[in-house]
Amino acid sequence: MTTNKASVDWLGAEKPFEYAESAAGYVTVLIRLVTGWWFFHAGYTKLAFVAGEPFDASGYLLNAPAASPLQGFFAWAAGTPWLLEFTNVMIPVGETLIGLGLLVGALVRLAALFGGLLMVFFYLGNADWEHGFVNGDLFGLLLFVIVGVFAAGRILGVDAYLERTEFVRERPRLRYLLG
């Protein structure tokens, strides 16, 4: 297991923060694995060879609630053939790859970025705010934020190995995608 050490500015005082070899590290891995399985399963079951038919997002896009700030964009996307086809391919493939990346701990921050972006679209597109702004889509977004911020792939993940490679050491900016 790699050790993640960071310093956190806590009310004006810099404090060390280590989580890789503590309960927080294992909880972070658990969150990564659960979120990864959630997205992998959601995407994999939408793939045509599994579902038995091609994925079609047009119903979701055309039936966005009036409260959704994305309703106009979704209607335009559903009415634009190339964008609808792109969406129909990228939702199942993207969810599957995001989930797979989180499950094996590879390119975790990149996967969390794209997963978070999808969750923003789902949150704003569903506009399920009858009982307040806190709902399952918002919690999904928070899971991706936690996984990305805490670089969950560095603990029991492929990213820990990738960061030690000469290729990444020579290109330190790549570490922003890993973790």
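L62 sits in helix 3 (residues 58-62), with helices (H or I, at least four residues) taken as DSSP runs numbered from the N terminus. This is a predicted model, where local features need pLDDT of at least 70, side-chain atom pairs count only at pLDDT 80 or more, and totals for chains, interfaces and linings use all residues. Residues are numbered from 1 along each chain as its sequence is written, and side-chain values use heavy atoms, with hydrogens and water left out. Here's a quick tour of two residues and two helix pairs.

- L62 is exposed, since its relative accessible area is 55%; exposed means over 50%, buried under 20%, and partly exposed in between (1.4 Å probe, protein chains only).
- From L62 to G79 it's 17 residues in sequence and 8.7 Å in space, C-alpha to C-alpha.
- S68 belongs to the loop between helix 3 and helix 4 (71-79).
- A polar atom of the S68 side chain lies 3.0 Å from the backbone nitrogen of L70.
- Setting aside neighbours within four places in sequence, S68 touches L124, G125 and A127, where contact means heavy atoms within 4.5 Å.

**Helix 1 against helix 6**

- The axes of helix 1 (residues 23-44) and helix 6 (residues 108-126) come within 12 Å and cross at roughly 60°; axes are lines fitted to C-alpha atoms, for helices over the stretch in contact, with angles from 0 to 180 degrees between N-to-C directions.
- That makes helix 1 and helix 6 oblique to each other, the class left over once angles under 35 degrees (roughly parallel), over 145 (roughly antiparallel) and 65 to 115 (roughly perpendicular) are taken out.
- On the helix 1 side the contact uses R32, W38 and F39, and on the helix 6 side V108, G115, L118, M119 and F122.
- By class, the contact of helix 1 with helix 6 has six nonpolar residues, one polar and one charged; Ala, Val, Leu, Ile, Met, Phe, Trp, Tyr, Cys and Pro count as nonpolar, Asp, Glu, Lys and Arg as charged, and the others, Gly among them, as polar.

**Helix 5 against helix 6**

- Helix 5 (residues 81-104) and helix 6 have axes that come within 9 Å and cross at roughly 135°.
- Helix 5 and helix 6 are therefore oblique to each other as well.
- Helix 5 brings I91, E95, I98, G101 and L102 to the contact, while helix 6 brings V108, A111, F114, G115, L118 and F122.

Technical notes:
Polar contact = N/O pair within 3.5 Å; in protein donor to acceptor, adjacent residues only side chain to side chain.
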